[in-house]
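Please keep the sequence and the structure in view while reading.

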Amino acid sequence: MQEFDFSIVEAAARKIWQDQQVYKVEIDQSKPKFYVLDMFPYPSGAGLHVGHPLGYIASDIYSRYKRLKGFNVLHPMGFDAFGLPAEQYAIQTGQHPAKTTTENIATYKKQLDKIGFSYDWSREVVTSEPEYYRWTQWIFIQLFNSWYDKSIQQARNISELIKYFEQSGTVGIDAACDEKALIFSAEEWNAYSEKEQQDILMQYRLAYQSYAWVNWCPQLGTVLANDEIVNGVSERGGYPVERKKMSQWFLRITAYADRLLQGLETLEWSESMKEMQRNWIGKSIGAMVRFSLLGHEQELEVFTTRVDTIYGVSFVVIAPEHDLVNQISTPEYEDAVKEYQKKCAAKSDVERQQDKKVSGQFTGAYVIHPLTGTHIPIFIADYVLAGYGTGAVMAVPSGDQRDYAFAKAFDLPIIQISDAQKNLDIEADATKEGKYVNSGIIDGMTYLEAVNTLIDELQKIGKGNGKINYRMRDAGFSRQRYWGEPFPVYYDAEGIVRVLDEKELPLTLPDVENYKPSADGHSPLANATQWMNALGDGKQRESDTMPGYAGSSWYFLRYMDPHNENNFVGEEAQNYWKDVDLYIGGTEHAVGHLLYSRFWNKFFKDNNWVSSEEPFKKLINQGMIQGRSLLTKEDSIQGMPGGIYIPLSYSGPGDKIYKDKFLDLLKSDSRFERINPETDVRWEDVEHKPFISLQAEVEKMSKSKFNVVNPDDMIAQYGADTFRMFEMFLGPIEAHKPWDINGIEGVSKFVRKIWRLYQFNEQGTPQFNEDATKEELKILHRAIKKATEDIERFSFNTVVSALMIAVNDLGKLSKLSKETLNTFPILLAPLAPFVAEVLWQKMGNSKTIFNTEFPLYDEKYLVEDSVLYPISINGKVRLKLEISALLGPKEVEKIVLEDAGAQKWLEGKSPKKVIVVPGRIVNIVL
């Protein structure tokens with residue numbers, strides 16, 4: 001028999017796919033489309049580890065399956081190539097990021113091809129290539145030249161807003177804009193200078209520039225978005241983050257907040273993922289209250305969702321970085337306020353929200369209660385953020401626990417406001433039940449009555465109004481780094497922001513001598529003076545670059561039409577492929593990439609550039625394959641995570657001297673400083689050698705934790721098909737699971753068993769029967785049914801199990817039929833494409849297996865002819881009998897009672913009762 005050799009099989013399959021251009025995809029109006037997409041990777045220098053392909057394998061299985069079901073499948077791959085890692089490496093080594101990125105991409109593609117993915121590489125996109133980011137820059141220009149009309153919930157060209165201002169000023173305009181946007185008449189607008197007009201328009205543009213408090217990371221030399229900060233430090237590198245006020249570019253994503261919320265209801269996403277986005281958007285319905293500042297002309301605006309508690313306000317807290325702090329702080333408290341501000345600036349927003357320690361500082365200033373006239377003290381405290389709401393809260397200690405703790409710490413009044421509040425001597429009570437007390441005009445009212453009354457009153461006296469607020473902030477779009485998309489803008493001699501003509505795109509990155517950003521927040525591009533001033537006439541380019549999410553916010557559309565030189569996606573391609581039918585990626589992108597992509601797509605829809613409101617119909621979040629963290633890289637032995645061999649003299653399992661020497665080694669070798677000999681060491685004797693297993697922590701695979709396993713090594717040892725199925729066999733696609741190769745040998749044997757079913761002769765020809773037996777067809781159609789149902793519900797681990805069972809059952813038959821041997825490779829093809837393709841060819845098929853059809857099961861082969869009945873006597877199963885499935889309960893009972901084996905256990909006694917559960921069990925009670 002011809003032996004199975006996966007390297008020969010893989011080479012043969014690759015040649016077929018290459019010769020027949022199997023994965024080349026074109027628009028085919030005769031077939032329904034299906035678009036399967038993976039979240040494309042950042043090409044790091046480390047290459048892939050075994051955790052990366054988990055989602056890729058799952059999407060590839062489904063892509064191949066849908067192709068076999070008659071769909072025209074788009075399944076592309078590319079690279080999210082701009083970003084911090086390449087630039088950090090450039091700083092360390094002096095190599096241009098473009099060079100290292102190109103090398104890393106080549107490594108990734110080589111690894112991906114080894115695993116056998118069905119990508120059409122002719123559609124590859126790389127976000128750092130000028131041909132691609134030309135369109136990212138073009139999209140930015142369109143955002144810059146747009147505003148959002150809330151009256152029709154749609155983006156419109158900025159020229160229409162200018163025309164409106166020329167005719168009506170701001171009267172009647174309902175636009176998404178800055179909170180403090182100027183109000184003016186048409187006459188005033190027409191009298192403004194161009195600079196003044198452009199400054200006003202900046203308050204309306206969807207891509208705009210503004211000063212704002214940002215998350216500044218000095219070590220990385222750049223601003224970070226909130227979703228790029230984990231546990232108070234930068235996600236990349238774990239560096240401290242501080243608050244800093246800087247001029248930044250922003251995208252007005254808040255204009256789309258309601259549409260982003262509403263769109264979630266149309267998506268096939270997990271409820272937990274939807275909830276993460278809902279919480280990030282954070283819609284709140286409440287009221288805006290304006291408190292007059294004692295001794296000042298300004299007012300302090302506060303957004304609250306509990307305007308009904310306004311009579312319980314005993315102090316006001318504003319963010320330490322609030323614009324009013326330095327204006328209102330009195331001389332006696334000025335130094336203490338500045339010291340407190342300095343402490344808060346060293347913390348990120350996340351740290352401040354998570355810190356439960358009560359701290360704050362009185363400013364010496366007061367506001368005037370709008371309804372009672374009471375003078376209320378103003379504090380600054382780290383738990384109030386300038387970026388949320390108005391950066392100020394009216395504190396009601398009796399109704400909010402954090403306010404309660406603050407009031408206790410600073411000895412401030414706690415005012416009861418409802419007759420239903422309890423235990424105010426020990427904690428706050430936020431109840432909305434009962435009737436209001438100590439509450440002026442709402443005394444005796446219930447919650448709904450009180451809210452309406454208060455909003456009406458505040459509006460009447462000019463001190464407030466009803467308002468909807470969002471936790472989500474506009475998206476920061478500036479990075480003070482080199483390796484990113486240059487902004488297609490410049491500043492003219494008067495400081496007015498202008499965008500480049502579209503014919504001037506792409507604006508490419510210049511070569512620079514030093515990639516390191518300056519400590520004051522300027523990008524490395526600021527030092528490229530020739531490039532910065534290339535336009536002449538006092539014009540200067542923007543030195544910041546776009547963030548990493550710029551290119552990834554629309555890449556799914558470029559795959560549809562990657563070589564179009566006239567549009568970022570052509571009308572024909574977009575109308576055919578429309579949107580992504582299945583998107584697979586990690587949950588870490590819940591409030592970053594996924595939210596930004598949805599926002600960009602809605603903007604595209606407003607401009608009729610795409611046909612779908614949402615980009616990703618169905619989303620599956622694959623779990624993480626976790627590694628066992630080792631002590632050092634040298635401690636890792638392939639296939640034995642956490643295990644090492646120690647070169648010491650050893651006489652056998654009872655060698656106490658050896659153990660003592662080993663314990664001395666643990667204490668003296670710094671590699672083992674984390675190991676506790678009492679709890680972390682397991683002793684074994686393996687082939688007369690001592691094997692000491694150092695118990696390892698299961699956590700995310702990372703180069704820094706020395707727990708990375710390279711898929712190349714696994715494929716070299718076991719083959720790509722085995723690797724693919726083993727990754728699926730580890731467990732459900734959505735679940736986290738530790739990398740454990742104990743089961744890979746079983747999968748490898750499974751592949752070899754499949755090969756042996758074909759009983760190849762010395763010439764490599766399979767041996768088979770012309771006709772299939774009834775038993776054979778039952779096994780085959782049971783496998784078809786299970787594979788179809790489980791692939792459709794993305795239960796790939798159980799598909800592998802079902803095929804294993806089928807192979808075991810088929811292997812018990814002497815020889816299989818041509819029908820079975822032709823059909824089984826098609827079942828196998830989505831999971832193990834290499835061996836499936838070769839087996840298909842060996843059965844005499846000349847065209848690729850992926851141009852055939854996935855088999856349909858026939859119910860007639862799934863009906864059981866007989867049932868193996870367990871026979872229970874007085875509650876214990878004593879034997880099993882195979883009985884025809886067509887017989888009724890009385891006939892089954894008769895056969896059981898007459899059986900010699902059953903009579904042995906009956907011992908001549910007559911049963912008191914016989915209960916036959918058809919197709920299940922027979923219970924006999926003596």
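## Cysteines

In this predicted model, C344 is buried, with a relative accessible area of 3%, and C217 is likewise buried, at a relative accessible area of 0%. Why do C217 and C344 not form a bond? The sulfur of C217 lies 19 Å from that of C344, its closest cysteine sulfur, and this is too far for a bond, because a disulfide requires the two sulfur atoms to be within 2.5 Å. C344 is accordingly in no disulfide, the nearest cysteine sulfur being that of C217, and a search of the whole structure finds zero disulfides.

## Salt bridges

Side chains of opposite charge can pair when their charged atoms come close. With nitrogen and oxygen required to be within 4 Å, the count comes to 41 salt bridges. Among them is the pair R306 and D308, with N and O 2.8 Å apart, and both of these residues are buried. D120 and R123 form another, their closest N and O atoms being 3.5 Å apart, and both D120 and R123 are buried as well.

D790 pairs with R793 at 3.0 Å, N to O, and D790 is buried, with a relative accessible area of 1%. Beyond these pairs, a network of salt bridges links R259, R598, K602, D606, E613 and E614.

## Positive charge on the surface

K749, R752, K753 and R756 gather on the surface in a patch of positive charge. R756 belongs to helix α24, which covers residues 744–756, and R756 is partly exposed, with a relative accessible area of 44%.

Definitions and conventions:
Residues numbered from 1 in each chain as written. Predicted model: local features only at pLDDT ≥ 70, side-chain atom pairs only at ≥ 80, totals over all residues. Heavy atoms only, no water. Patch = residues over 30% accessible without salt bridge, like charges linked within 9 Å, V, L, I, M, F, W, Y side chains within 5 Å. Areas by Shrake-Rupley, 256 points an atom, 1.4 Å probe, with all protein chains shown as cover. Salt bridge = Lys/Arg side-chain N within 4 Å of Asp/Glu carboxyl O. Lys, Arg positive; Asp, Glu negative; His and termini not counted. Charge placed at Lys NZ, Arg CZ, Asp CG, Glu CD. Helix = DSSP H or I, 4+ residues; strand = E, 2+ residues; numbered from the N terminus. Buried < 20%, exposed > 50% of the residue type's maximum accessible area, 1.4 Å probe, protein only.
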